[in-house]
Amino acid sequence: MISGVRVGHATDPRALTGCTVILPDRPAVGGVEIRGWAAGVHGLEFLDPRHLVPHVDAVVLAGGSAYGLEAIWGVMQYLEERGVGFPVARTVVPHVAGAILFDLGVGDHRVRPDRAMGYAAARAARAGACEEGNVGAGTGATVGKLHKLERAMRGGLGCAVAEGTSFVTAAVMAVNAVGDVRDGETGRLVAGARDAAGGERLVDTAAALAAGTPPPVFRPVNTTIGCVVTDARLGKAEASRVAALAMDGYARALSPPHLATDGDTLFCLSIGDRAADPAEVGARAAHAVAQAILRGVRAATGLPGLPAARDLSSGGATHP
């Protein structure tokens, strides 16, 4: 990650769920962009430019579907104990935004990120390199669910940094899409829906949908969520604009993104004072998002019946 930000994970490798916390070292200006029709998001009110509170104290990415939003209150407890938040009469009120993905179809659906897990993730937050793969919010993530989980693959959590002319932008992404993951530079599929034999051939979800294959009609089991952080100076409206521009990274790496059973959500945090054009920040953020998505699936490890990109004999890149 970039200077001034810590990332922490809480991971349950048995139940296959977890949460990830992005903690700025000082209050950040926040924004958000939401695509798809299956989003679960907390904090929209205080991310609105009209809201009294000017800053965000943390962002939580969690599994567990709507149940996972409980992890946010554990992060709030952690911050309140340290005096971090909006000052009020006798204490502070931390403002923590968050989004969830659906991972109840793998592992133990009775176990979800809760207050204790949110607190643990905040306590574990560290500066420097971000742990990737099936950790935190990416623990139970999957991709390529055109034909449900039986022919899907493992998703994961990835991080990437992109340098601008006078600023730095980073992305933390938990990849749990309906669609496939594609390397935007080579055009090759990296992970996604597998052929009818459940083997290594990827069927190319976007092409299958274009050819008339019915889209998934099952309940939402998806969503790619993330957060971009920059040391460029942004206002609330500009932060939301950067988040919207950074959604281009979804389109580069997910094939296709933003389906009806996805709830793709991307936060943006501004933590610095460097002057920058929001359009340039958004362009660099889109690059970081695409790279983080790729890194997340490439760092994933397989499970019985749910292979990872590294398990493919082609080394994680398969032609459709």
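Predicted model: local features only at pLDDT ≥ 70, side-chain atom pairs only at ≥ 80, totals over all residues.

Reply: A disulfide is a pair of cysteine sulfur atoms within 2.5 Å.

Me: Is Cys227 buried or exposed, and what is its relative accessibility?
Reply: A residue counts as buried under 20% relative accessible area. Cys268 is buried, with a relative accessible area of 0%. Cys227 also counts as buried, and its relative accessibility is 0%.

Me: Which cysteines form a disulfide, and how far apart are their sulfur atoms?
Reply: A search of the whole structure finds one disulfide. The bond joins Cys130 and Cys159, and the distance between their sulfur atoms is 2.4 Å.

Me: What is the geometry of the aromatic pair formed by Tyr78 and Tyr119?
Reply: The structure holds one aromatic pair. In this pair, the ring centres of Tyr78 and Tyr119 are 5.6 Å apart and the planes make an angle of 80°. Planes over 60 degrees apart count as edge-to-face. The pair of Tyr78 and Tyr119 is accordingly edge-to-face.

Me: Which helices hold Tyr78 and Tyr119?
Reply: Tyr78 and Tyr119 form an aromatic pair. This pair links distant parts of the chain, 41 residues apart. Both tyrosines are buried. Tyr78 is in helix H2 (residues 71-81), and Tyr119 is in helix H3 (residues 115-123).

Me: Which residue has its charged end over the ring of Tyr67?
Reply: A charged end over a ring occurs at Tyr78, where Arg82 sits 3.7 Å from the ring centre. For Tyr67, the distance from the ring centre is 3.6 Å, and the residue is Arg112.

Me: In what sense do S1 and strand S2 pair, and over how many bridges?
Reply: Strands of a sheet pair through backbone hydrogen bonds, either parallel or antiparallel. Ala10 has Cys19 in S2 as its bridge partner, and Val7 has Ile22 in S2. S1 and strand S2 (residues 17-24) pair in the antiparallel sense, and the number of bridges is eight.

Me: Why is S1 largely enclosed by the rest of the structure?
Reply: Strand S1 covers residues 5-12, which makes eight residues. The strand is largely enclosed because the number of these residues that are buried is six.

Me: Which residue in the hairpin of S1 and S2 takes a positive phi?
Reply: The hairpin has four residues between its strands. A phi near 60° is found there, and the residue that takes it is Leu16.

Me: Which strands stand at the edges of the five-strand sheet?
Reply: Five strands form an open sheet of mixed pairing, in the order S1-S2-S5-S8-S4. A strand at the edge has a single partner strand, so one of its sides is left without a neighbour in the sheet. The edge strands are S1 and strand S4 (41-42).

Me: What angle does the direction of H3 make with that of S2?
Reply: In the open sheet of five strands, S1 and S2 are touched by H3, which packs on the sheet. The direction of H3 makes with that of S2 an angle of about 45°.

Me: What is the phi of Thr223?
Reply: Thr223 lies in the loop between H4 and strand S15 (225-232) and is buried, with a relative accessible area of 2%. Although Thr223 is not a glycine, its phi is positive, at about 100°.

Me: Where does Asp204 lie?
Reply: Asp204 is a residue other than glycine with a positive phi, near 70°. Asp204 counts as buried at 10% relative accessibility. Its place is the loop between strand S14 (189-191) and helix H4 (205-210).

Me: Which residues are joined by a cis peptide bond?
Reply: Pro256 is found in the loop between strand S16 (254-255) and strand S17 (265-274). The cis peptide bond has an omega of about -5°, and the residues joined are Ser255 and Pro256.

Terms used: Residues numbered from 1 in each chain as written. Heavy atoms only, no water. Helix = DSSP H or I, 4+ residues; strand = E, 2+ residues; numbered from the N terminus. Buried < 20%, exposed > 50% of the residue type's maximum accessible area, 1.4 Å probe, protein only. Phe/Tyr/Trp six-rings, centres within 6.5 Å; stacked < 30°, edge-to-face > 60°. Lys NZ or Arg CZ within 6 Å of the ring centre and 35° of its normal. Pairing = 2+ DSSP bridges. Contact = heavy atoms within 4.5 Å. Axes fitted to C-alpha atoms, helices over the stretch in contact; angles between N-to-C directions.
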